[in-house]
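User: I would like to go through the terms used for this model. Please set each value against its cut-off and conclude.

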Amino acid sequence: MKRKINLIIILMTICTALLLALQLYWNYEVYQNNDRIFRSDANDALEESVEKLANLRRDEFAQQYKKWMADTNLIVISCSYDEKSKEMIFSLSDKNPSLKNTRPPSRIAMRDFKQRLDQITPEAKTFFINSFVKNYVYYDLRDAKVYYHTTKLGELLAKAFAEDKLDTIRLGKLYRQALANRGIKEAFKLHTFKYQFNKFDTNNPDSVGKTYLTRKFEYGFGSAIALNASFANPKVIYLQKMKWVLLSSLLLVFITLGCFIYTIKTMLSQKKLTLLKDDFVNNMTHELKTPVATISIAAEAIDQFDLNPQAKTEYLSIIRYQAANLTHLIDQILTNLVNQQAIIGLSKKKVLLNELLQHVLQQYQPQFLMASIKLNLNLSAKKLWVNADQIHLGNSIANLLDNAVKYGNKEAEIRIDLLQQAQKAVLRITNSGEEIPDEYSARIFEPFFRVPTGNVHQVKGYGLGLSYVNDIVKQHDGQLTVTSANQLTTFILQLPLYDS
């Protein structure tokens, strides 16, 4: 049984340790997954924001380009119908070309334009500008290239590209919205770097301490600019995302540990109880075997030998004495077991503790005389009334007296004090003898427990008496304690006084 309990405890410990390790590993994997997701989202959101800002700037450049083409002080737009191709041909040129400008006007066929005109009209001009920017200029803008459809238009676009600056405020708003769409609301900083000597001029690594930096993304229509974003402490972000997972995991861990500790404690208690019961059975077997063996030997002597009447009478007297002793042992064991397992239905009433103590002392006079014990009584003159079951409380006091006689020194003194302290009646029973070690002071009230004295107990017993007394006192709303020092042991029984 003990080996099985030990094996179960070992297996439960291993299983609990594995379960806790699995929880820790799972939380670690969740943390790593959140880290990967955050890094991916932070980079994807920044890439998306940079691309969105670039698209917005292209649209703005396209609108500006339309304004330049519509400005008659800058650009001349004309049209004619080509009989050969059956298409309208639009011509685009600078109004005031420089002397160095020898390039001919740009001629563009517009197949979507179905009208046949000899000269340009406002409607035709608007149609041409919109179609030209959409089908030609926007592709140049997408590749951040300047194509000189006319010298003036090329110069204006090149200048606009050169003067274009990264609007970090605008980009920050776009990035914040992109992060929010991915469930990230933490603060960030944007960093820009110049493009020099075929590389981005920056001394910043990808991560600095606890700070996380995104990848670098390129932006620019003229000179290229690199940028990235930094987050102060992404671990806080992960923990915020994981808070419910962590709380539920911690709760599960605490429940598991609590159940494990409770189960181990219960099994250890079972193991201890098993050991105590084994000790009880061994003691009981030893106690019962002696009278049984004596009775058996006496009966065989009467049966096998021709004894004279006087010898038979002596052997029969031995049998009767041992039978009575055996009956007494069995009754004592059964009584203690019954009282220990089921103390129910106490019949409480108003009891004068002074008289009850005197009655118990009178019943124990023979034991005191046989042990040559002197009683030193210090009884209160006040009448101490308590609400108690007279039979069980009397048995409890008798058990304490019996304990003082058995474990006290022979021909010693037992001191009994009965007094009132505040609203309690206090009974102290003190005997001289072996002290109770401090580590066993609380355990002597446990069932079957006896203070270890090696392999042999000089005083026979079953470790049930004090447990019975303690339970009875508790059911009377009282308290039983023990002190042991200087070769003196004192049991202190406190009961609340009867409240009329």
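User: Why is arginine 415 called partly exposed?

Analyst: The relative accessible area of arginine 415 is 33%. Buried means under 20%, exposed means over 50%, and partly exposed lies in between, with a 1.4 Å probe and protein chains only. So 33% makes arginine 415 partly exposed. The model is predicted: local features need pLDDT of at least 70, side-chain atom pairs count only at pLDDT 80 or more, and totals for chains, interfaces and linings use all residues. Residues are numbered from 1 along each chain as its sequence is written, and side-chain values use heavy atoms, with hydrogens and water left out.

User: What makes arginine 415 and aspartate 417 a salt bridge?

Analyst: The N to O distance between their side chains is 3.0 Å. A salt bridge needs a side-chain nitrogen of Lys or Arg within 4 Å of a carboxyl oxygen of Asp or Glu. The pair of arginine 415 and aspartate 417 therefore qualifies. Aspartate 417 is buried, at 7% relative accessibility.

User: How do you know that arginine 142 and aspartate 143 meet in a salt bridge?

Analyst: Their N to O distance is 3.9 Å. That is within 4 Å, so the pair counts. Arginine 142 is partly exposed at 46% relative accessibility. Aspartate 143 is partly exposed too, with a relative accessible area of 42%.

User: What is the N to O distance between arginine 57 and glutamate 60, and where do the two residues lie?

Analyst: The distance is 2.3 Å, and the side chains meet in a salt bridge. Both residues lie in helix α1 (residues 2-70), three residues apart, about one turn of the helix. Helices are DSSP runs of H or I with at least four residues, strands are runs of E with at least two, and both are numbered from the N terminus. Arginine 57 is buried, since its relative accessible area is 18%. Glutamate 60 counts as partly exposed at 32%. Arg57 and Glu60 also belong to a salt-bridge network with Asp164 and Arg170. A search of the whole structure gives twelve salt bridges.

User: Why do β1 and β3 stand at the edges?

Analyst: β1 (75-82) and β3 (106-110) each have a single partner strand, so one side of each has no neighbour in the sheet. The sheet is open, with three antiparallel strands in the order β1-β2-β3. Its twist averages 25° from one strand to the next. Two strands pair if DSSP finds at least two bridges between them. Strand β2 (residues 87-94) and β3 have five bridges, so they pair. Isoleucine 89 has alanine 109 in β3 as its bridge partner.

User: Which helices lie across these strands?

Analyst: Helix α2 (residues 122-142) lies across β1, β2 and β3, at about 100° to β3. Helix α3 (residues 151-163) lies across β1 and β2, at about 65° to β2. Axes are lines fitted to C-alpha atoms, for helices over the stretch in contact, and angles run from 0 to 180 degrees between N-to-C directions.

User: What makes strand β16 mostly covered, and which strands pair with it?

Analyst: Seven of the nine residues in β16 (residues 488-496) are buried. Strand β14 (residues 424-432) joins β16 through nine bridges, antiparallel. There, asparagine 431 stands opposite threonine 489. Strand β15 (residues 479-485) pairs with β16 over seven bridges, also antiparallel. Here threonine 483 faces threonine 490. β15 and β16 form a hairpin with two residues between them, and asparagine 486 in the turn has a positive phi of about 55°.

Technical notes
Contact = heavy atoms within 4.5 Å.
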